[in-house]
Every structure is written in C-alpha cells, then in structure tokens.
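Dear colleague,

I am handing over the structure below, and after it you will find my notes on what came out of the analysis. Please read them with the model open beside you.

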Amino acid sequence: MAKTDYQLIILGGGPAGLTAGLYAARDRLKVLLVEKGVVGGQVLVTDWIDNYPGFPEGVTGSELVEKMAAQAARFELETKNGNVVKINLTDEIKKLILESGEELTCQALIICTGARPNKLGIAGEDEFTGKGVSYCATCDGPFYRDQEILVVGGGDTAIQEAEFLTKFARKVTVVHRRDTLRATKILQEKAFANERIDFIWNSNVVAIEGEKEVERVKLRNIDGEEKEIAASGVFILIGTIPNNEMLPLEKLGADEYGFIKTDDDMRTKVPGVMAAGDIRSKTVRQIINGAGEGAVAAIASEHYLSGLN
Amino acid sequence: MAGDNVKHLTDAEFEEYVLKSDLPSLVDFWAPWCGPCKAIGPVIEELADEYVGKVQITKMNVDDNPTTPGKYSIRAIPTLILFKGGEIIDQVTGAVGKTQLIAMLKKVA
C-alpha cells in the first residue's frame, strides 16, 4: 500500500464532518478534518434548534456545533483550516490540492462540503448583499429594529426565520411563489398566528431596488401583475445549492442539481470515497441526519481501510 | 493570554485609533447574539497575537457602538474591514477562515 499523509481525510466541518471525525478519531484512524472557514457550517447561522434530540429546552446553532467540535477534540481529532480547490482521484491515493498549493494525500475520503443558500438571481441581489439583502436572519435580523422587511421562501428555514425576525422588525412580509407553505405544520401555525407576519402568495420577487441600501422590491404574481412594496431588508431563504466546485462530479456520481449520490453506506462510485450531510443527494436536510450520515460514512471508511491492509 | 492583543474599539475611539493610525487596522464588527461572530472570535485572537506591531487587530460591538457601523452601511455581521491611511483596503462578510484573513492582511503587511 502506497504511503499517504493520512488514512482518512474529512472535507468540511459541519455536523456531518464533525460526527465522522468523532467516530474516526475514536477508532484511532490517522484522520484530518479540513475546513475552509470555521467549523460549524450552516448550523452556525441557525438561531435556535428545537428538533435536535438531547436538548429538551432547545439549543442555539452556535452552541450545538461548539459542543460537537469539543467532543471531537476530546478524542484529538486533528483539524486544518484550508480551501481545497481540486481533488485528484485518478490513483488509488486520493490527493487534495489546497489554494495555498499544499497537497494532502489519503487512502479514504469523506466529502462533507455541505450546501449554501440559494440565490434568487435577480437585479439588485448581489449589489445590495450586506446592505439590505441577507441570507442569515440570526446574523442580520437585529439591524432591522422597527423596520418593514421581506422574507422570500416557504420552507422551514423561511418560516422559522420570519418568526424570529418579528423580534426586531415591525412587520415581516413573507413572499412565496405558491399558495401553500412547505414548512413543518407547527412552524406554519406559529407564523399564521403572529400578527406581525403577513403573506403575499403566488408571487416572485423580480427586482430589489434602492439608492445606497435596499428601499423597495418589485413583485410579480402568477397572473403577471407587478407591484412595488417598500422594504428596508430582504431575507432570501429559498433552499440551498451544493458546495461542489472542487469535486469531480462525473467520477463520483451526482444528481441533476450537483448533489453527490451514494449508497446506503454513504459510498460514492469511487472506492474509498464517501459523502455525508447536505452535499448528498437526498430529500431531507436536517442536522440530525447529517450527523447520522457522518457516523455511517466513518464506519464505511473503517471497513474500506481494513480491506486495504 | 488569548485575546489580550485584541483592541475593543468604541465609536469615540474609532477615528483616532483606526483612521489616523500609522499602522493598518482590521476591524471585526460583531455582536454577542451572532453565532458566526462567536465562531471567528478565536481566529481574531490568534491573528492579534501574530500581527503585533504590524496590523492593529480590533473588534467593535455593533450593539454598543451604532455610529461607525452606520457610517459604513454595515447591515450584516460579522463584517471585517481592513483600513490603511484612513481608507478601506478590503472588506469581507461572513465566518471566513484564518487562511482567507491572512490573504487579506497580506495586502498591508
């Protein structure tokens, strides 16, 4: 067996990566977790989590990942900050090339690069990002005290964060392209009962406008009618897209949206390469199954590695 | 000790300490309620230790100091702005990693 820097490298430090790291470190593998930003992933931007078991009173996103990271650290999981720009899977050795030029090799690889917020792709969106356009209610909500703002979307994230934003904003208007919400029922019930939340159905935001900061948005409904409404903030919470830019998608196997396909043991088409968490092609993207998949991927990696030796 | 080299700025100090300084300054606009801000805290402390005498690594709590963030149209945090000679050299929003911040600091030190 050729010599590599690590037996296993885990790419990404969200719940899936941290759980995979915990399992692999406890199994005494020579393992490294590489994270581009800071560990935590998208959970960091989640204000409050009521559906992760073991926290009867609920927990903040940052506290939950802090605990996950501390638990992995207790078993001496080695971590590294770096941006992987290319992955070479042509050999039995998996090679990761970092932006710094550094190269890391391993025998097994778990991809947990996650996903990031989807954009609307409309006029004004990029221009006003950080100046009224936001993808993170918990980061930016308090800047909108006593103001009127918009939330775009109809899923769990959009509806939960709309509720959260009423702590600050005078009025939150949810703009949704359909006439019903996809969000969990209990979230819907709370939102419908909240006097500060209004809904505009069957409508898309087509432009975000203002001078230096966001001042108004242009909406178009399914009948093609347009109208303008005043808003100082627009929170765009319309799902996620995969962080797959550095991945050889064709070789690994991906769905039409660019999420990685795996079998039940999190194995991709390439022997020794697993994927777990939000980067996987699946229908449910929750912290709990991300973490669960991290555990399965780590165990699959152990099986793969023991087959090599 | 960790964090000793991080200067906690107020609105009143900002002009004198940052804009009129001979040394470049990195200002981390943050708030206690912001998860990603908390997550990059340790990175800021490490940078402060490593850039002593080269770049002033500072933090400003936007809840206690509304004037400066308003002046720079900051409506998202964490936002990190790199200043030199009173001018903005670079800025970034979000929980970026240490490597990316070091690349940013290379522009001035």
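Across the interface of chain A and chain B, eight residue pairs are in polar contact, both residues being at pLDDT 80 or more; a polar contact is a pair of N or O atoms within 3.5 Å, where within protein one must be able to donate a hydrogen and the other to accept it, and where residues adjacent in sequence count only if both atoms are side-chain atoms. On the side of chain A that touches chain B, the elements giving two or more residues are α2 (61-74) and α3 (137-140) of chain A, with helices (H or I, at least four residues) and strands (E, at least two) taken as DSSP runs numbered from the N terminus. The most comes from α3(A), which gives three residues.

This is a predicted model, in which local features need pLDDT of at least 70 and side-chain atom pairs count only at pLDDT 80 or more, while totals for chains, interfaces and linings use all residues. Residues are numbered from 1 along each chain as its sequence is written, chains are lettered from A and ligands numbered from 1 in the order in which they are written, and side-chain values use heavy atoms, with hydrogens and water left out.

The same interface holds two salt bridges, a salt bridge being a side-chain nitrogen of Lys or Arg within 4 Å of a carboxyl oxygen of Asp or Glu. A:E66 forms a salt bridge with B:K38, and their closest N and O atoms are 3.8 Å apart. In contact (heavy atoms within 4.5 Å) are 22 residues from chain A and 18 residues from chain B. About 1700 Å² is buried between the two chains, 55% of it from carbon and sulfur atoms; this is the accessible area (1.4 Å probe) that two parts lose on being put together, summed over both.

Finally, A:G54, in the loop between β2 (31-35) and α2 of chain A, counts as exposed because its relative accessibility is 69%.

With best regards

Notes. Buried < 20%, exposed > 50% of the residue type's maximum accessible area, 1.4 Å probe, protein only.
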